[in-house]
Amino acid sequence: MKLAELQAYFARAATSGNGPLPDLEEFFLGSEQLPAKDRLAIYNRGYFYRLLDALASVFGATKRVLGDSDFERLGLSYVARYPSEHPAVERVGRAFASHLRSAGVSSPVVDLAQLEWARLRALVSPNPASVASVDAIDSERFPAARVRLVPSLQRLELDARALTAFNGGDLALREESTGTCGVAVWRSNYAVQHQSLDALEWQALASAESGATLSLVCSVFDSGSPSEDVRQAFRVLSGWFARGWLESVIYDEAPAD
Amino acid sequence: MRRAADQEPALNEPSLAEAGLDGAARVGFGLRVPHYDAILGRGLRADFAEAISENFLGRGGRAFSVLSRVRSDMPVALHGVSLSIGGMDPLSESYLAELSELAKRIGAFSVSDHLSFGTFGGHYGHDLWPLPYTEEALSHVVERVQQVQDRLGRRLLLENVSSYVQYRASALTEWEFLTEVVTRADAGLLLDLNNVFVNAVNHGFSASQYLRALPKERVQQIHLAGHSDAGGYLLDDHGSAVSAAVWRMYEESLELFGALPTIVEWDERLPELSVLEAEADQARALSNRRLSAEVEGKP
């Protein structure tokens, strides 16, 4: 058997969720004390439980609300269907939330898994090249400026009960839905944080993320009271600077002499 | 098989002297997440440290701060688990680019990975699966090691892995295969003594014969770790102190290869940092004893 075939056979034996492959003894040496089938089973167990451990380390709150037994059942079926595509084992859970959805898990628990995945992504994201301070604003050119967001910042729309469950309020999962809310997830120095946003701030952040100018970003605040809209826009943008969400403020045109 | 000398890349890894790791016993251990707070708080009591490459590739935040903090105090070796040097999937260019960037950024004194495979059809097994010891596998691995060394511009160290099964197709012993790979590819050898011991028990060969067959000039680093008795076989779980048998092998390796940079690994049931430091102290004491004997001209 060629190397490629031997490796493919080994990988199938190590990652099969359906018990040992036939003909193992033909390709692998065993002993009376430990037959080849049992030797390959060591790799098979190691494969599934290593990946299950990686899922548990990322989806701790999801595991708590599902319970150990359901988490293991769903985790093992996930790993069998979605093998890892990343050299770092912790990234195996990229599609875990959608797997839970397709397995019929309730919407707030699926969203809890989405939140935990976003938090992992924020944790491992690269450091921003810089963090802009409010001093970076040139008031003359402010309306035409755009912002670059830090790599860890993500926007999610989640069932509000998922946020409560993340903080240990599992009873919220039994309550009636109060709808979805916009959530920002980011890393500030070492700590990953998340926060729900009101609808207008959510819309403004989406606009900034798409590369809109700050004048367009601020145009979402349109209550009919210009002075109130300016105050609101100032409050929201100040919050973005304060939370370290902005890597830089970009002015397309060169400054005038 | 190896390219002519004038075509060779500059394998410009720092020498042990440049890294400050020659002339004295040099012992350290691997950076593990549960120890990060202690490391950021009080630093690390070691001569050098080993970082799992995949835990730092492309990452910022606390992980990189820990690595930077440690690097400001001591040399750092990068040790990978996902290169899959023996695999059939093409080597990942993005992985190698990130590894190269990280090695340069922190001035890693060595870059190592395992003589095994762990990728299949574009996926990662996150395990160190054994290779068949055949001429075909040998040629395949040697070519890929050379590719990696060309890409990184430095010598790669390859670690022998623990295993629980052997292929019927193998035509060479494990130590013959290892020797041929590092010699033909002009690579270094990171000798994991616990893995040799585990395999010796699991497959029924002499650990001492294995050590004595290795090319002395290629052995550049040593790994020590614990294993457990799983009933019928030894499991390389890195979940306990180094066993007495492996300490005896360490003494034998000191006689054979001299006092080399040594890492104590511990992954499962991770104890306090002080426990690892005590294990490292034991390795340092044995290394120092060997160095003293060399100075006194004793065999």
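How much space lies in the largest cavity? About 50 Å³ lies there, as the section on cavities below sets out.

## Basis of the report

This is a predicted model, in which local features need pLDDT of at least 70 and side-chain atom pairs count only at pLDDT 80 or more, while totals for chains, interfaces and linings use all residues. Residues are numbered from 1 along each chain as its sequence is written, chains are lettered from A and ligands numbered from 1 in the order in which they are written, and side-chain values use heavy atoms, with hydrogens and water left out.

## Cavities

The whole structure holds three cavities of 30 Å³ or more. A cavity is a set of points, on a 1 Å grid over the protein atoms alone, where a 1.4 Å probe fits but cannot get out; lining residues have an atom within 4 Å of a point. A volume is the space filled by probe spheres set on the points, and the points are joined across faces, edges and corners.

The lining of the largest cavity consists of Leu115(B), Tyr133(B), Asn160(B), Val161(B), Glu174(B), Phe177(B) and Leu178(B). By class, five of these are nonpolar, one is polar and one is charged. Here Ala, Val, Leu, Ile, Met, Phe, Trp, Tyr, Cys and Pro count as nonpolar, Asp, Glu, Lys and Arg as charged, and the others, Gly among them, as polar.

## Helix α5 of chain B

Helix α5 (residues 174-184) of chain B includes the buried residues Glu174(B), Phe177(B) and Leu178(B), which also line the largest cavity. Buried means under 20% relative accessible area (1.4 Å probe, protein chains only). Helices (H or I, at least four residues) and strands (E, at least two) are DSSP runs, numbered from the N terminus.

The buried residues of α5(B) pack against α4 (135-152), β7 (156-159), β9 (188-192), α6 (193-203) and α7 (207-213) of chain B. Contact means heavy atoms within 4.5 Å. Just after α5(B), Asp186(B) has a positive phi of about 55 degrees.

## Arg32 of chain B

Arg32(B) is found in the loop between β1 (27-30) and α1 (36-42) of chain B. With a relative accessible area of 9%, Arg32(B) is buried. Leaving aside residues up to four places away in sequence, Arg32(B) touches Ile52(B), Glu265(B), Trp266(B), Asp267(B) and Leu270(B). Arg32(B) and Asp267(B) are 235 residues apart along the chain, and their C-alpha atoms are separated by 7.6 Å.

Note on methods
On a 1 Å grid over the protein atoms alone, a cavity is a set of points where a 1.4 Å probe fits but cannot get out, and a pocket is an open set with protein on both sides within 12 Å along at least five of seven lines; lining residues have an atom within 4 Å of a point. Buried means under 20% relative accessible area, exposed over 50%, partly exposed in between (1.4 Å probe, protein chains only).
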